[in-house]
Amino acid sequence: MDEEYDVIVLGTGLKECILSGLLSVDGLKVLHMDRNDYYGGESTSLNLVQLWKRFRGDEKPPESLGSTKDYNVDMVPKFMMANGALVRVLIHTSVTKYLNFKAVDGSFVYNKGKIYKVPATDVEALKSTLMGLFEKRRARKLFIYVQDYDENDPKSHEGLDLNKVTTREVFAKYGLDDNTVDFIGHALALHTNDDYLDKPAIDTVKRMKLYADSLARFQGGSPYIYPQYGLGELPQGFARLSAVYGGTYMLNKPECKVEFDQNGKAYGVTSEGETAKCKKVVCDPSYLPDKVKKVGRVTRAICIMSHPITDTNNSDSVQIILPQKQLGRKSDMYVFCCSYSHNIAPEGKYIAFVSTEAETDRPEVELKPGMDLLGPVDETFFDIYDRYEPVNNSQKDSCFISTSYDATTHFESTVQDVISMYRKITGKELDLSVDLSAASAAAEE
């Protein structure tokens, strides 16, 4: 271990594994270490016995739930946008060859106590029962504008400079009511709060286009895809990639203490009496707790069920977003459901997560609106975890720390953190201009 590396990565969470893979592909010498004896860190995937051990201690899971090895329960479950940045990273690095993807059946939004399919195109707007007749027409006009919008073609801008005009002004131009604004902003553009309304509209329009383009990729009921056997395959895929490019992996390394010189700059990592030297350290918040601050908490319920969620067209996999205004909350709530169709549970079993940013210490009460959508559940595990963000100056201490995973059930915020970290570590932009047809080949209809 007494060698010098360009980068030492600590923790095998998804973000750390993606960065390890990307940096290895760039030709950097990477050492990747984890204090655990398994891949995944906070974003690991558990079988039934491991799930029980984590939440119920010495209890044994009931036999009625089936074989433990048929379960792959992701601790941070997130769907991928089919045309999104993470899929581009997977193709850019060829990690797609280690994974099989499958389209997700449904994308829904909660409105006035009911759930509705999220309309994303002009055709879907006219069919949607989410809006009245006149509102459908107004929404349809906005969707056509978004579909036709091309940054490089001023004719498609209809006199609007989206780098200056706010999203609120664009929505007002089309006369959209608050309910429509709510589902477009939160379930389609995937904003996590309403700050976007007073920011330039270009970001929201790009997000709407991404959703519609992703939806069109697989002609399915949603814009999302998910790996067969769950996300646990992803860190291992990037680990393989890193190894192919000469990266070194070491699991079960106790302590992993980052060493600093007299100027406060990281120069290596010590474990079991040996120090590996490096120019930069990349890690999750747990490895450098004095360089991060707590910024919130995620509260969630993990449920095992024997049926699909009601009113989702019997979807075997589905996301439901409950916008904050609908619940009188400060943050959105998310429902993730997946099943045997993605090989994460035995036949006839479904795994559902209900998650949100914690606003109280009572997850059972706080998560009730999402839990009520699930119907009868076989087992429920409640959990709260802290969210951290780095407060260090990475230019001074050469430490690049990821943020904790948020409550969202899609990957858009996670991958933005990875892209931002890559930029800081390397000083260059990540090239995501790839042929997306490779993703289609990797995903089963």
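## Terms and model

Helices (H or I, at least four residues) and strands (E, at least two) are taken here as DSSP runs, numbered from the N terminus, and two strands pair if DSSP finds at least two bridges between them. This is a predicted model, in which local features need pLDDT of at least 70 and side-chain atom pairs count only at pLDDT 80 or more, while totals for chains, interfaces and linings use all residues. Residues are numbered from 1 along each chain as its sequence is written, and side-chain values use heavy atoms, with hydrogens and water left out.

## Strand β9 and its partners

In β9, isoleucine 225 is the bridge partner of methionine 80, and β5 and β9 pair in the antiparallel sense over two bridges. Strand β6 (residues 101–103) also runs antiparallel to β9, to which three bridges join it, and here phenylalanine 101 stands opposite proline 227.

In a regular strand the side chains alternate between the two faces of the sheet. Strand β9 (residues 224–227) is covered on both faces, with Tyr224 and Tyr226 on one side and Ile225 and Pro227 on the other, all of them buried; buried means under 20% relative accessible area, exposed over 50%, and partly exposed in between (1.4 Å probe, protein chains only).

## The seven-stranded sheet

Seven strands form an open sheet of mixed pairing, in the order β8-β7-β15-β16-β17-β14-β18. Its edge strands are β8 (114–117) and β18, each of which pairs on one side only. Neighbouring strands of this sheet are turned by 25° against each other on average, direction ignored; axes are lines fitted to C-alpha atoms, for helices over the stretch in contact, and angles run from 0 to 180 degrees between N-to-C directions.

Within the sheet, strand β16 (residues 333–339) and strand β17 (residues 350–357) are paired in the antiparallel sense over seven bridges, and tyrosine 334 stands opposite serine 355 in β17. Helix α2 packs on the sheet, where it touches β14 (292–305) and β18, and its direction makes about 75° with that of β18; contact means heavy atoms within 4.5 Å.

## Nonpolar cores

A nonpolar core is a set of buried Ala, Val, Leu, Ile, Met, Phe, Trp, Tyr and Cys residues joined through side-chain atoms within 4.5 Å. The largest has 104 residues, of which Met80, Leu90, Leu142, Leu162, Leu234, Phe238 and Ile304 touch the most other members. Leaving aside residues up to four places away in sequence, leucine 90 touches Met80, Val95, Thr96, Leu99, Phe101, Leu234 and Phe238. A second, separate core of 20 residues includes Phe108, Ile115, Ala352 and Leu373.

## Salt bridges

Side chains of opposite charge can pair when their charged atoms come close. With a salt bridge defined as a side-chain nitrogen of Lys or Arg within 4 Å of a carboxyl oxygen of Asp or Glu, the count comes to 26 salt bridges. One of them joins glutamate 379 and arginine 56, whose closest N and O atoms are 3.1 Å apart. Glutamate 379 lies in strand β18 (residues 379–390) and arginine 56 in helix α2 (residues 48–56), so this pair ties together parts that are 323 residues apart in sequence. Glutamate 379 counts as buried at 17% relative accessibility, whereas arginine 56, at 25%, counts as partly exposed.

Lysine 78 and aspartate 406 form another salt bridge, with the closest N and O atoms 2.9 Å apart. This pair links distant parts of the chain, 328 residues apart, with lysine 78 in the loop between β4 (73–74) and β5 (80–81) and aspartate 406 in the loop between β19 (399–401) and α14 (412–426); both residues are buried. Aspartate 198 and arginine 168 also meet in a salt bridge (2.9 Å, N to O), and arginine 168 is partly exposed, with a relative accessible area of 42%.

## Threonine 12

Threonine 12 is placed in the loop between β1 (4–10) and α1 (14–25), and with a relative accessible area of 1% it is buried. Its side chain and that of aspartate 34 are joined by a polar contact of 2.5 Å. Such a contact is a pair of N or O atoms within 3.5 Å; within protein, one must be able to donate a hydrogen and the other to accept it, and residues adjacent in sequence count only if both atoms are side-chain atoms.
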